[in-house]
Amino acid sequence: MSPFTATDHLLMARALRLAEQAAWTTRPNPMVGCVIAHGDEVVGEGWHQRAGGPHAEVFALRAAGERARGATAYVTLEPCAHYGRTPPCALALIEAGVARVVAAMGDPFPDVDGGGFALLRQAGIEVAVGLMADTARALNRGFLSRVERGRPFVRVKLAGSLDGRTAMANGESKWITGEAARADVQHWRARAGAILTGAATVLADDPQLTARPEHGQFLPPLRVVLDARLRTLERARVREGDAPTLYLHDAALAAPCLEGAEFATAPLGEDGRFDLHAVMALLGARGINEVHVEAGPTLCGALLKAGLADELLLYIAPLLMGDGARPLLAGLGIEHMAQAVPLEVVDARRVGKDLRVLLRP
């Protein structure tokens with residue numbers, strides 16, 4: 001029998017919606033929401049809005065005031081138990097006198113990882129964990145990937161024709177998808193910690209790779225260019241604007257001094273291409289939770305083949321480009337049906353004149 005009531009489910013769902021409001025502003029911290037209630041009467045709520053700022057529990061406790069005493073606190077992630085840029089939220093809940101804490105999931109971050117629940121229980125507070133855990137994990141998939149796997153969650157954005165083509169043989173590709181699809185991409189860019197591309201894309205398209213959502217505050221994602229031989233430096237649009245730019249290159253090359261750019265080395269394999277696992281570990285060490293990839297078929301195919309593409313964001317335009325045009329993905333080495341890569345359709349919807357499909361291997 002479930003320890004959670006219908007009210008518990010209702011208020012945790014509310015806390016999760018609150019948490020999601022900070023999808024563009026909290027990184028590298030997780031998104032967290034908190035609702036404080038007596039029965040079904042909400043007396044305080046809040047969400048973690050920005051790294052270094054008050055956590056969700058603090059905002060909710062401020063709103064609840066004295067009414068927090070004896071209440072239930074619904075939190076989407078285990079309250080922190082350590083002193084970082086803010087004091088422990090577990091202690092704040094204890095001092096406020098809440099009687100019960102319902103958490104969607106524990107926090108695997110080493111400085112927390114059960115410590116928050118232990119403090120609450122030691123103070124005599126009832127703790128129940130696991131309500132809507134799958135939804136909570138999906139919300140913070142990037143943070144959890146970085147903490148648990150040591151690398152970001154990787155989303156590969158693809159845009160192609162109905163017959164799976166991304167550009168004509170001569171490289172012409174503007175515009176395959178419509179204006180609505182291109183605007184939709186901006187929201188996915190804005191939630192990412194980094195937008196990654198390869199040297200071939202920069203040389204061919206000279207992209208700016210900035211996030212330009214129609215509304216809402218966001219932290220400009222880091223732009224990452226995989227450029228082993230530093231061939232793209234004359235393509236300056238990727239350094240324009242306020243978003244930072246990082247070039248990853250071969251250690252055999254000396255990094256130049258270039259305004260608006262940072263340089264770091266990453267190892268190459270025997271084929272002269274980047275070790276993509278090492279690249280993702282490097283970005284994870286920099287606090288990047290989610291990587292949004294907009295690159296050519298070779299790099300996108302290599303990420304999928306390496307098992308690093310956690311999600312494919314595919315926009316399909318209702319047009320045909322012919323078998324001479326360039327493919328969505330290259331280098332998969334598939335020759336038999338037994339080698340085909342199975343994908344799960346997570347979501348499919350129309351965006352303007354195009355179809356957007358979210359898939360996971």
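This report looks at one helix and at some backbone details in the loops of a predicted model.

## Helix α9

Helix α9 covers residues 276–285, and its buried residues are Leu276, Val279, Met280, Leu283 and Gly284. When the helix is viewed down its axis, these buried residues fall within an arc of 135 degrees, so they line one face of α9.

At the start of α9, the backbone nitrogen of His277 has a side-chain oxygen of Asp275 within 3.1 Å. After the helix comes Gly287, which has a positive phi, near 85 degrees.

## A cis peptide bond

Most residues other than glycine have a negative phi, and most peptide bonds are trans. The peptide bond from Arg27 to Pro28, however, is cis, and its omega is near 10 degrees. Pro28 belongs to the loop between α1 (6–20) and β1 (33–38).

## Two leucines with positive phi

Leu209 is not a glycine, yet its phi is positive, at about 55 degrees. This residue sits in the loop between α8 (199–205) and β9 (222–226), and Leu209 counts as buried because its relative accessibility is 4%, where the cut-off for buried is under 20%.

Leu230 is likewise not a glycine and has a positive phi, of about 50 degrees. The loop that holds Leu230 runs between β9 and β10 (245–249), and with a relative accessibility of 13%, Leu230 also counts as buried.

Definitions and conventions
Residues numbered from 1 in each chain as written. Predicted model: local features only at pLDDT ≥ 70, side-chain atom pairs only at ≥ 80, totals over all residues. Heavy atoms only, no water. Buried < 20%, exposed > 50% of the residue type's maximum accessible area, 1.4 Å probe, protein only. Helix = DSSP H or I, 4+ residues; strand = E, 2+ residues; numbered from the N terminus. Arc of directions from axis to C-beta. Polar contact = N/O pair within 3.5 Å; in protein donor to acceptor, adjacent residues only side chain to side chain.
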